[in-house]
Amino acid sequence: MYNKGLFKDWVPKPVMLLLIVLYLFPLLVVSGIYTANFNEMMNDLGIYSEYLSWANYASFIGMGAALPLLLRFKMRFRSKELMITSLLMISLFSMVIATVSNPYVIIFSNFVIGYFKIIALIELILPLLFILSPDGNRTKFYSVFYPLSISTAQLSSYLFSTIAYNLEWQTVYVIMTIVLLVLVLLSVVFMHDLRFSRKLPLYYIHWPSILLYAVSFFLLSYVLVFSKQQGWYTSPSIQYATMGFVLFFALFLFKQKKLKRPFVPLSIFRSKNFIQGFTLLMGLGMFLASASIQNTFTVGILGYNSTTNNLLNYAMVPGIILGGFYAFYWYKKKYPTKFLIFSGILFYTLHFVLMYFLISPQIEISYLVLPQIMRGLGMTILFISIWYYALDGFNMDETLAAVALTIVVRSVVSVAFAGALYSWAYYKLQLQGFDNLAHHLDAITLSPRGGGLAVYGRAKLQAILTASKTLYGYSIIAGMILMIYTLALRFENTHYRRLILVRKLVKGESIKGYNASGRKNTIESISTGAGPITV
């Protein structure tokens with residue numbers, strides 16, 4: 001009989017729980033690009049920041065490329081094989097990033113790390129889901145897992161920035177590699193060697209679809225990241241990349257329509273929830289990208305170093321935890337999901353309002369705590385509610401395919417697009433600020449005897465202050481528009497289904513939808529309304 005967990009039968013249950021925790025936290029925080037050390041890495045390597053942003057997005061593209069294959073991997077390989085292989089690959093490419101300076105090698109390494117990170121995480125999420133929600137209620141699982149994963153990321157950013165500030169940014173990769181190799185040893189000792197079911201083949205996977213998927217979103221992320229740096233569409237590279245994205249993505253969709261077993265079934269686009277969730281995820285991307293305004297203000301005006309700046313992430317944790325309780329209570333009472341999403345947007349907009357009135361050249365760090373709490377509260381609510389609503393009603397295969405698209409939209413397309421707009425607006429608003437200040441200056445003030453350089457420095461700070469305040473004002477307006485848009489949407493009823501198929505995976509029970517050759521008999525045979533498995 002299949003072992004219901006990851007570990008051998010002789011391992012006591014308290015030790016199993018401890019091992020899951022030991023695996024979970026490193027896998028949640030491991031990454032190819034640690035954003036807390038972004039500036040140190042960029043300055044040391046001597047490359048444009050756009051390359052590191054592109055590399056960071058590549059890890060999410062890697063996750064999306066692996067997600068539709070997870071169920072087949074689960075039925076083909078042992079959990080021990082998947083875990084050890086994933087941990088070793090992440091360790092290997094973490095060391096590659098720490099030892100090379102070629103940006104394209106770093107980008108490819110991030111793609112591979114993201115690909116294997118999601119495979120390892122799913123092996124932990126399955127038993128964790130059963131522990132946190134024995135009845136299979138995915139709203140309960142989301143309300144616990146998302147606050148846990150988001151708060152872990154925020155807390156680890158301060159730790160990593162402290163290590164990089166006192167030592168070198170490469171030290172973080174070395175430490176994480178050592179931790180992952182220790183987990184490999186634990187896997188060898190404690191994880192069982194049993195197979196979930198009969199070994200199923202992999203030749204039904206359409207590998208060209210995966211390649212088209214990856215190339216399409218790599219080109220799109222290139223356009224969004226490098227547009228400002230290369231002068232938008234005056235650059236031939238941006239023009240060719242845009243045309244390449246349209247061509248490859250159209251070819252990708254065409255292939256999915258013709259395939260018997262598509263990588264991403266196009267049936268997911270018939271879901272009203274999914275389409276509306278897409279639009280809301282674009283709004284969420286605007287909120288996530290707004291962190292650049294705060295970073296510019298705290299570093300450029302207040303003069304915080306990377307460690308102090310990342311210390312502000314600690315203030316988000318109370319809001320993140322409160323957001324988990326808020327969502328849990330909301331779903332427990334079965335209140336409309338529309339107003340849960342609305343409240344998340346409202347809390348995030350209140351964060352913008354507080355920051356708008358707090359913009360000042362001299363401000364204590366304690367004044368930024370409340371805005372950070374509101375930011376953490378709004379972020380957690382939106383992560384849980386939009387994700388739950390957008391993926392409601394799909395069967396297991398459709399869910400994994402839908403997640404492959406939504407994770408890229410949420411973490412790449414929306415954030416990169418909003419980030420490009422913020423960057424462009426910051427540049428224009430600073431120029432406008434200089435222009436406005438120039439009317440109050442004269443030749444004597446700008447002469448060497450008048451301290452022209454000092455005046456320029458003060459003018460630059462004033463321009464950044466004005467631009468930051470204006471951008472927060474625009475963000476408030478955008479938040480209000482998004483709230484009105486959410487109220488105008490006609491939401492479908494959400495169904496509080498239990499994760500029947502996932503529970504079968506955890507228990508090791510057979511799944512009717514697959515025969516011995518690995519073919520799916522019918523979509524209806526495994527349609528359980530199961531929710532997504534995601535990070």
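Colleague: How do you know at what angle the axes of helix H3 and helix H6 cross, and within what distance they come?

Modeller: In this predicted model, the axes of helix H3 (residues 49-66) and helix H6 (residues 103-132) come within 7 Å and cross at roughly 30 degrees. The crossing of H3 past H6 is right-handed.

Colleague: Which residues in H3 and H6 meet?

Modeller: On the H3 side they include Tyr 51, Trp 54, Ala 55, Ala 58, Ile 61 and Met 63, and on the H6 side they include Tyr 104, Ile 107, Phe 111, Tyr 115, Lys 117 and Ile 118. The residues of this contact divide into 16 nonpolar, five polar and one charged.

Colleague: Why is Pro 318 called partly exposed?

Modeller: Buried would require under 20% relative accessible area and exposed over 50%; Pro 318 stands at 42% relative accessibility, and therefore counts as partly exposed.

Colleague: What makes Lys 334 count as exposed?

Modeller: The cut-off for exposed is over 50%, and Lys 334 has 56% relative accessibility, so it counts as exposed. Lys 334 is found in the loop between H14 and helix H15 (337-358), and its phi is near 60 degrees, a positive value in a residue other than glycine.

Colleague: Which residues of H1 are buried, and against which helices do they pack?

Modeller: The buried residues of H1 are Met 16, Leu 19, Ile 20, Tyr 23, Leu 24, Pro 26, Leu 27, Leu 28 and Val 29. Those buried residues pack against helix H5 (79-99), H6, helix H7 (138-166) and helix H8 (169-190).

Colleague: What does the secondary structure of the chain come to, and how much of the chain counts as buried?

Modeller: The chain has 20 helices and zero strands, and 55% of its 535 residues count as buried. Among contacts in the chain with a separation of 6 or more, 84% are accounted for by residues 24 or more positions apart. The accessible surface comes to about 23100 Å², of which 66% belongs to carbon and sulfur atoms.

Definitions and conventions:
Residues are numbered from 1 along each chain as its sequence is written. This is a predicted model: local features need pLDDT of at least 70, side-chain atom pairs count only at pLDDT 80 or more; totals for chains, interfaces and linings use all residues. Side-chain values use heavy atoms; hydrogens and water are left out. Buried means under 20% relative accessible area, exposed over 50%, partly exposed in between (1.4 Å probe, protein chains only). Axes are lines fitted to C-alpha atoms, for helices over the stretch in contact, and angles run from 0 to 180 degrees between N-to-C directions. Helices (H or I, at least four residues) and strands (E, at least two) are DSSP runs, numbered from the N terminus. A crossing is left-handed if the near helix is turned anticlockwise from the far one by less than a right angle, and right-handed if clockwise. Contact means heavy atoms within 4.5 Å. Ala, Val, Leu, Ile, Met, Phe, Trp, Tyr, Cys and Pro count as nonpolar, Asp, Glu, Lys and Arg as charged, and the others, Gly among them, as polar. Accessible areas come from the Shrake-Rupley method with a 1.4 Å probe; for residues, only the protein chains shown count as cover.
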